[in-house]
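Please look through the model shown here before reading on. My notes follow as numbered points.

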Amino acid sequence: MEKSKIAVAALILTAMILFVYWPVQYHEFLNFDDQVYVTGNLHVRGGMAWDNVQWAFGSLDAGFWHPLTWLSLMLDSSLYRVHAGGFHWTNVLFHIGSALLIFFTWLRMTGRIWQSGFLAALFAVHPLNVEPVAWIASRKDVLSGFFWALTLWMYVRYVESPHIKRYGLFLLCFLLGLMSKPILVTLPIVLLLLDYWPLVRFDAVGDQKKKQVRLVLEKVPLVLLALAVVVVTFTAEHRFGAISNTDIISLPARISNALVSYLIYIEKAVIPVNLAAYYPHPGTWPLWESIGAGMLILLLSVLAIRKRRTCPHFFVGWFWYLITLVPVIGFIQLGTLARADRYAYIPLIGLFMACVWSGAAYIKGMKHNRSVPLCLALAVLLPLVATSRVQLAHWRNDLSLFQHAIRVTENNYKAYHGLGMAYHQEGEDEQAIKYISHSLWLKRNDRAHIDLGVVYMGQKRFKDAEREFREGLKIKADNAKAHNNLGAALASQGKYEESIYHFQKALSLDPIYQNASENLEKVLVGMKAEKKGVK
C-alpha cells in the first residue's frame, strides 16, 4: 500500500509539472542572454565537437566557470539544432528530476509521504520557479538545482550506510553541481543543518563533541571544492565586468537592499504576483524599511534558535533560506539588478519545508483532521498552478516578456531596452527608437546606446548612429562592438581613414572579432579600388 501511494504521488507530481509547462515547447529564443548561451554562441551551436568540449572546460564566458552547463546546451544543440522547444524541454526534464528527488529524499529522511509530496509540489509549481525553467539561459539554475537535489539524495544514502564509495558518489554529485553553477557553495552548511534535523546525527549516542567534530570534518572536502570554485567565479565575474564596484552601488545601499530583499522573496513566495524578468536596483531603501527588515530577520532567527528543539523543522528551514541566499542577495552586487526570481530556486525549499512541517504539526492536534491536509493542499496548489501558467505565458517571446516587465515594475530601463530591441526584430524601428530612447532617459548605458545606433544604421541614419556609438564609447571606451559599429557608421559616410582606426581598435580589443576583420578588409579593398579608379 505504501509503495502504491508513493508511486501515485510521484506520478501526480510529474503530471502537475507537465500541465504547467506544456506550452513552453512553443516558446522562442529570447534576446535576453539566450544569444550569449545559445543563438550567438558558435561553440554551443557547434554541438558536442571535441574543440567545443575543450572550450567548455576552459571558458569563463558569461561570468561563470560552468562547463557542465555549456555541455548540456551543446548536447541540446546537437539534438535540436535551432529548435527552441527542445532546449525548453530539457529545462523542464531537469525540473521534474529535481522535484522527484526532493520528494524521495525527504520521504527517506522523514518517512512522511504527504509532507514530502506537498514540499515537492510547492517547489514544482510555484510561480517564482517559472523563470529558471522557462528561460533557456537559466539552464545553469535548473541543472545546478538538479545536482543539488541529487547530492542530498546521495548524502542521505551515505548517512544510512557510511562507507567510502557512497561518500565518493555524493562528493562527485556536489562537484558536478559546482560545475553547473557555483550556487552550491553553501551546500556544506545546509548538510550540517540536515544533520541536526531530520537526520538527527547530532543527538546520536556517545561523545557529543567528537561526533560534532566528525560531522564538521566530513564536510571539509566539500568546503575546499567550494572555495576553489569561488576563486574561479570571482575571476570570471571580474573579467566579465559583472561585479559592480561601490562607486556604482554603495555598501550601505547593498546591505539595505539585501535585508529588504530577504523579506520580498518571502512576500513573493506567499503572494506570487507582479513577477518580472528584471528588477532594477532601487539605489537605496528608506531607512525605516531597512532597519525594520533587519530587525524582523533577527527576531525570526532568534526565535528559530530558541525553538530549535521543539520546532527543528523551522530552525533548519529558516536558516536554509537565509544561508542559501547569501551568495546572490546583493552583498556582492552583480550588475544593477535588485534581485531575481531564479535566485530563489533553491532557497525556497527551506521556507517550504518550514511551513509544511509546521503546518503538519498544527493539523496533527486537530480533531477529525483526515480531510484537512488534502483540502489545504488543493487550496494552496491550485492557485499556484493557475498563476504559474499565466506567468509562463509572459516568457513566450521578447515582446510579451518585456511588456509585462514594464507593466509590473517602475523605471525598468532594462525592460524598455529589451522591448525596443524586440520591436526592432519585428521591423518596427520607430517603436524601437522610442523605447530604447526612454531606456537611456532612465539610465545611460553603453549597450543601449550601441543598440540604438544599430537601429539607426538599419534606417541609414548614419550620423545619428555615429552619435550613439560615440556616446557608448564615452561610457565604456574598451567596447569592441562599439568601435566596430562606429567604424561601419563612419565608412558608410565615406570617412574611411577614421573607420579603419576603429576597426583596428576593435580587433586589438578582440583579436577574433570576425565582423570587425571583415569590415576592415572591405574598407581597405574599397579604398584600394577607389585609388585605382582615380589613376
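**Notes on helices, burial and charge pairs**

1. Lysine 476 sits in the loop between helix H23 (462-475) and helix H24 (480-492). Helices here are DSSP runs (H or I, at least four residues), numbered from the N terminus. Lysine 476 counts as partly exposed, because its relative accessibility is 38%. The cut-offs are these: buried is under 20% relative accessible area, exposed is over 50%, and partly exposed is in between (1.4 Å probe, protein chains only).

2. This is a predicted model: local features need pLDDT of at least 70, side-chain atom pairs count only at pLDDT 80 or more, and totals for chains, interfaces and linings use all residues. Residues are numbered from 1 along each chain as its sequence is written, and side-chain values use heavy atoms, with hydrogens and water left out.

3. Lys414, Arg447, Lys476 and Lys481 form a positive surface patch. Patch residues have over 30% relative accessible area and no salt bridge, and like charges are joined within 9 Å. Each charge is placed at NZ for Lys and CZ for Arg.

4. Now helix H9, residues 139-160. Its 22 residues should span 32 Å at 1.5 Å a residue, and the end C-alpha atoms are 32 Å apart, so the two agree. The expected span is 1.5 Å times one less than the number of residues. Is H9 enclosed or open? H9 is largely enclosed by the rest of the structure, because 19 of its 22 residues are buried.

5. How many salt bridges does the structure hold? There are 16. A salt bridge is a side-chain nitrogen of Lys or Arg within 4 Å of a carboxyl oxygen of Asp or Glu. Side chains of opposite charge can pair when their charged atoms come close.

6. Aspartate 76 pairs with arginine 139 in a salt bridge, with the closest N and O atoms 2.7 Å apart. The pair links distant parts of the chain: aspartate 76 is in helix H5 (residues 67-80) and arginine 139 is in helix H9, 63 residues apart. Aspartate 76 is buried at 3% relative accessible area. Arginine 139 is buried at 0%.

7. Aspartate 141 forms a salt bridge with lysine 181 (2.5 Å, N to O). Aspartate 141 lies in helix H9, and lysine 181 lies in the loop between helix H10 (164-178) and helix H11 (187-196), 40 residues apart. Both lysine 181 and aspartate 141 are buried.

8. Arginine 201 and glutamate 218 form a salt bridge, the closest N and O atoms being 2.8 Å apart. Both residues are buried. A network of salt bridges links Asp195, Arg201, Glu218 and Lys219.

How values were computed:
Patches are made of residues with over 30% relative accessible area and no salt bridge: like charges are joined within 9 Å, nonpolar side chains (Val, Leu, Ile, Met, Phe, Trp, Tyr) within 5 Å. Accessible areas come from the Shrake-Rupley method with a 1.4 Å probe; for residues, only the protein chains shown count as cover. Lys and Arg count as positive and Asp and Glu as negative; His and the chain ends are not counted. Helices (H or I, at least four residues) and strands (E, at least two) are DSSP runs, numbered from the N terminus.
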